[in-house]
Amino acid sequence: MLDLSGFLDIPDPEYRKAPGLNWSRLKVVGDSPRLYEYQSTNPRQDTGAFVFGRAFHAALLQPEVYARGWKVYDGATRRGKAWESFQRLYGDDYEIITEAEFDEIACMVRSVHAHGEASMLMALDGVNERAIFWEEDNRGMKAKVDRVCWGEDPHAPIFVVDAKTTREIDPESFGRSADKFGYVGQMEHYARGVEILTGRPTIPLLLAVEKTAPYDVGVFRVSGEARRLGAVQRQSYLDTLDRCTSSGEWPGQVPTVIDLPVARWAKLRNGF
């Protein structure tokens, strides 16, 4: 029997306030320690893209939360007097998406359930949108995991699933997105926490869904090689965080003089 006592069903605001280092914060220090320090007292602003992502996750993983926690605005864009009026009326009690976004999300969710492998993952026993907290090298860690699911074999690995929206589902394009957004580091962070809490090995999976028609779906296993890369990336960020915390210095992205990169297209245009 899998012990789920460490998998907590808590609201996002409560999770965000809880102590612990999550991946969203940790990856910032890899891009810019200066930005990490700034965001410590100046949280990033919400955007339409973040709202859409939250809505998709809720619709796929917590449909009951989606049904009671979201309102659909029938205007085309989030601007103008009609939008401001709708926001004043519902914004304090609901998250708001546009009618077009509502339709897109419905298509995306249907595509997941129509995809053979994805639908099998969704049908397994499991829990969705659970917060986990663990200690690692005397540091408090946390994560909000999209889905953890398992089969009947009590000794088999547990699936750690993270749902992603994407522009293009083909493996090469999605692989570039995974590199750009640090998905392998993120999945290593999640998998590490689940393994520590359960004592079971994991198989991290990225469930990717296109945001536009035909709303294609792909399930990408984070291989052993990718996990090793993610572990190296994650440890590098932790080392940077320790170094900056100890020294009190938080350098930006370009702390020293470097050569200006020359774009490949510029070289081709000028016959280089």
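**Close-up views of a predicted model**

**View 1. Helix 4 and its buried residues.** In helix 4, the buried residues are Val51, Phe52, Gly53, Ala55, Phe56, His57, Ala58, Ala59, Leu60 and Leu61. Buried here means under 20% relative accessible area, exposed means over 50%, and partly exposed is in between (1.4 Å probe, protein chains only). Since 10 of the 14 residues of helix 4 are buried, this helix is largely enclosed by the rest of the structure. Helix 4 covers residues 48-61, and at 1.5 Å a residue it should span 20 Å; its end C-alpha atoms are 20 Å apart, which agrees. The expected span is 1.5 Å times one less than the number of residues in the helix. Helices (H or I, at least four residues) and strands (E, at least two) are DSSP runs, numbered from the N terminus.

A word on the numbers: this is a predicted model, so local features need pLDDT of at least 70 and side-chain atom pairs count only at pLDDT 80 or more, while totals for chains, interfaces and linings use all residues. Residues are numbered from 1 along each chain as its sequence is written, and side-chain values use heavy atoms, with hydrogens and water left out.

**View 2. The whole chain, for orientation.** The protein chain has 12 helices and 7 strands. Its radius of gyration is 21 Å, close to the 19 Å that the globule rule gives for 272 residues, so the chain is as compact as a globular protein of that length. That radius is taken over C-alpha atoms, and the globule rule is 2.2 Å times the number of residues to the power 0.38. Along the principal axes, the C-alpha atoms fill a box of roughly 55 × 50 × 40 Å. Of the 272 residues, 41% count as buried. Take the contacts (heavy atoms within 4.5 Å) between residues at least 6 apart in sequence: 68% of them join residues at least 24 apart.

**View 3. A cluster of rings around Phe86.** Ring pairs link Tyr73, Trp83, Phe86, Tyr90 and Tyr94 into a cluster. Rings of Phe, Tyr and Trp (its six-membered ring) pair if their centres lie within 6.5 Å; planes under 30 degrees apart count as stacked, over 60 as edge-to-face and the rest as tilted. By this rule the count comes to 12 aromatic pairs. One of them is the tilted pair of Tyr73 and Phe86, at 5.2 Å centre to centre with 50° between the planes. Tyr73 lies in strand 1 (residues 70-73) and Phe86 in helix 6 (residues 81-90), so this pair ties together parts that are 13 residues apart in sequence. Both partners count as buried, Tyr73 at 6% relative accessibility and Phe86 at 16%. Phe86 also pairs with Tyr90: the ring centres are 4.8 Å apart and the planes at 50°, so that pair is tilted. Phe86 and Tyr90 both lie in helix 6, 4 residues apart, about one turn of the helix. Tyr90 counts as partly exposed, at 24% relative accessibility.

**View 4. Charges over tyrosine rings.** Arg25 lies over the face of Tyr36, 3.9 Å from the ring centre. Over the ring of Tyr15 sits the charged end of Lys142, 4.6 Å from its centre. To qualify, NZ of Lys or CZ of Arg must be within 6 Å of the ring centre and within 35 degrees of the ring normal.

**View 5. Two cysteines.** Cys107 is partly exposed at 21% relative accessible area, whereas Cys244 is buried at 5% relative accessibility. The model has 0 disulfides, taking a disulfide as a pair of cysteine sulfur atoms within 2.5 Å.
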